[in-house]
Amino acid sequence: MKIIRAKDYSDMSRKAANILSAQVIMKPNCVLGLATGSTPIGAYAQLVEWYNKGDLDFSEVTTVNLDEYKGLPRDNDQSYYYFMHDNLFGKVNINKERTFLPDGMEPDGEKACKDYDRIIADVGGIDLQLLGLGHNGHIGFNEPGTAFAAQTNCVDLTESTIKANQRFFASIEDVPKQAYTMGIGTIMHAEKILVVVSGEDKAQIVKEAFFGPITPKVPASVLQLHRNVTIVADEAALSLL
């Protein structure tokens with residue numbers, strides 16, 4: 001496990017984007033596993049900036065995203081499909097037919113999960129998986145207690161997650177209660193993993209996840225067992241180390 005210390009969010013974003021861009025340059029037809037949420041936005045913006053300067057070419061890249069809300073159509077501005085197109089896919093020359101997310105509109109959870117696992121297998125697996133880190137150690141929507149061997153699965157969102165998401169919707173009744181998420185077992189099969197973390201509020205979970213016991217109670221702790229993990233975090237997130 002390699003830890004790269006950044007001064008602040010902007011520096012973290014640039015350092016993370018450097019790693020992502022290096023992957024694309026070294027292997028133009030690579031498979032990137034991508035994440036949503038506020039933390040990676042800066043890294044995506046940096047990739048777009050370098051693309052606009054002519055430094056990056058995404059034409060051969062394939063992407064698979066960590067998760068998608070169940071029951072939310074792609075044109076809903078809170079869907080992760082919308083997020084990815086707003087922050088990255090719509091701003092670079094990536095082939096949209098090679099950008100994959102779980103099918104949130106598939107009502108059959110078992111089918112949706114099996115279909116997504118098949119897609120990941122068909123594209124040859126993930127070369128580099130980008131992850132954020134939840135306050136309770138979750139990665140993707142894999143909450144505490146999730147089996148480390150889990151593949152793509154349908155999860156019931158926790159009450160705290162639903163409440164946290166309420167600010168994005170008209171009412172709490174509109175907030176999705178389930179999501180399809182790439183499982184921890186799938187994430188651990190990625191060749192390389194990049195974790196981005198920012199803020200003092202993440203300092204305690206950084207310490208627990210990467211320097212504490214490996215336990216399903218802290219899902220991200222399993223990353224200690226992966227052969228190639230890089231953590232890019234700002235000084236605030238690393239303040240307890």
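Mentor: At 1.5 Å a residue, the 18 residues of helix 1 (residues 9-26) should span 26 Å, and its end C-alpha atoms are 26 Å apart, which agrees. The expected span is 1.5 Å times one less than the number of residues. Helices (H or I, at least four residues) and strands (E, at least two) are DSSP runs, numbered from the N terminus.
Trainee: What should I know about the model itself?
Mentor: This is a predicted model, where local features need pLDDT of at least 70, side-chain atom pairs count only at pLDDT 80 or more, and totals for chains, interfaces and linings use all residues. Residues are numbered from 1 along each chain as its sequence is written, and side-chain values use heavy atoms, with hydrogens and water left out.
Trainee: Which residues of helix 1 are buried?
Mentor: Asp11, Met12, Ser13, Ala16, Ala17, Leu20, Ser21, Gln23 and Val24. Buried means under 20% relative accessible area, exposed over 50%, partly exposed in between (1.4 Å probe, protein chains only).
Trainee: And what do they pack against?
Mentor: Several elements, including strand 1 (2-6), strand 2 (31-34) and helix 2 (41-52). Contact here means heavy atoms within 4.5 Å.
Trainee: Switching to strands. Which way do the residues of strand 3 point?
Mentor: In strand 3 (residues 62-65), Thr62 and Val64 point one way, Thr63 and Asn65 the other, and all are buried.
Trainee: How many bridges join strand 2 to strand 3?
Mentor: Four, and the two strands run parallel. Strands pair if DSSP finds at least two bridges between them. Leu34 has Asn65 as its bridge partner in strand 3. Strand 5 (residues 99-100) also runs parallel to strand 3, joined by two bridges. There, Val64 stands opposite Phe100.
Trainee: Now charges. How many salt bridges does the structure hold?
Mentor: Nine. Each is a side-chain nitrogen of Lys or Arg within 4 Å of a carboxyl oxygen of Asp or Glu.
Trainee: Where do Lys15 and Asp11 lie?
Mentor: Both are in helix 1, four residues apart, about one turn. Lys15 is partly exposed at 27%, while Asp11 is buried at 15%.
Trainee: What about Lys53, buried or exposed?
Mentor: Exposed, at 55%. Lys53 forms a salt bridge with Glu49, closest N and O atoms 3.5 Å apart.
Trainee: Which residues are linked in a network?
Mentor: Salt bridges link Glu106, Lys111, Asp115 and Arg118. Within that group, Glu106 and Lys111 have their closest N and O atoms 3.9 Å apart.
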